[in-house]
Amino acid sequence: MSLDSPLHSFGLIPDLEDSRDLKFSPKKFGVTTVVDHRDRMGPIKDQGKRGSCVAFAFCALLEWCTGERDLSEEMLYQQICEPGGGSHPRNACKALQRVGTCREKWWKYNQIGKDPVSTSYMIDWPKHRRALG
């Protein structure tokens, strides 16, 4: 399957294999294969026609883990976007650990992607959301 196929049309760029990666298997870790956390999730969001699915997924994960809502997918996407669009999940992990993301109110998402780079998130910098591990 090529990266030009419809399955990759929204910008996910698979990470290269890394010997440090652990392969996940629910059976190996003794966890259930069905879990319903919809009551802890925020509303469904629309990325529009941009290749920002990785930013949306990682912001949703961070919102779920912290219980905070309305983190800026735009700020995260600006940190991880590859030339021509799309991004790597590994780069999202690195960006969230290194810099984090601000609240949506400071850097709003634009579905058509024509926003100028925002600096209003600096107002919220002391409350910046980082993934620490």
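Q: Is Glu73 buried or exposed?
A: Buried means under 20% relative accessible area, exposed over 50%, and partly exposed in between (1.4 Å probe, protein chains only). Glu73 has a relative accessible area of 2%, so Glu73 is buried.

Q: What should I know about the model and numbering?
A: This is a predicted model: local features need pLDDT of at least 70, side-chain atom pairs count only at pLDDT 80 or more, and totals for chains, interfaces and linings use all residues. Residues are numbered from 1 along each chain as its sequence is written, and side-chain values use heavy atoms, leaving out hydrogens and water.

Q: Which residue forms a salt bridge with Glu73?
A: A salt bridge is a side-chain nitrogen of Lys or Arg within 4 Å of a carboxyl oxygen of Asp or Glu. For Glu73 the partner is Lys45, with the closest N and O atoms 2.8 Å apart. Glu73 lies in helix α3 and Lys45 in the loop between α1 and α2, so the pair ties together parts 28 residues apart in sequence. Helices are DSSP runs (H or I, at least four residues), numbered from the N terminus.

Q: Where does Glu63 come in?
A: The side chain of Glu63 also meets Lys45 in a salt bridge (3.3 Å, N to O). Glu63 is buried at 5%, while Lys45 is partly exposed at 30%.

Q: How many salt bridges does the structure hold?
A: Nine. One of them joins Asp21 and Arg90 (3.1 Å, N to O). Asp21 sits in the segment before α1 and Arg90 in helix α4, 69 residues apart.

Conventions: Helices (H or I, at least four residues) and strands (E, at least two) are DSSP runs, numbered from the N terminus.
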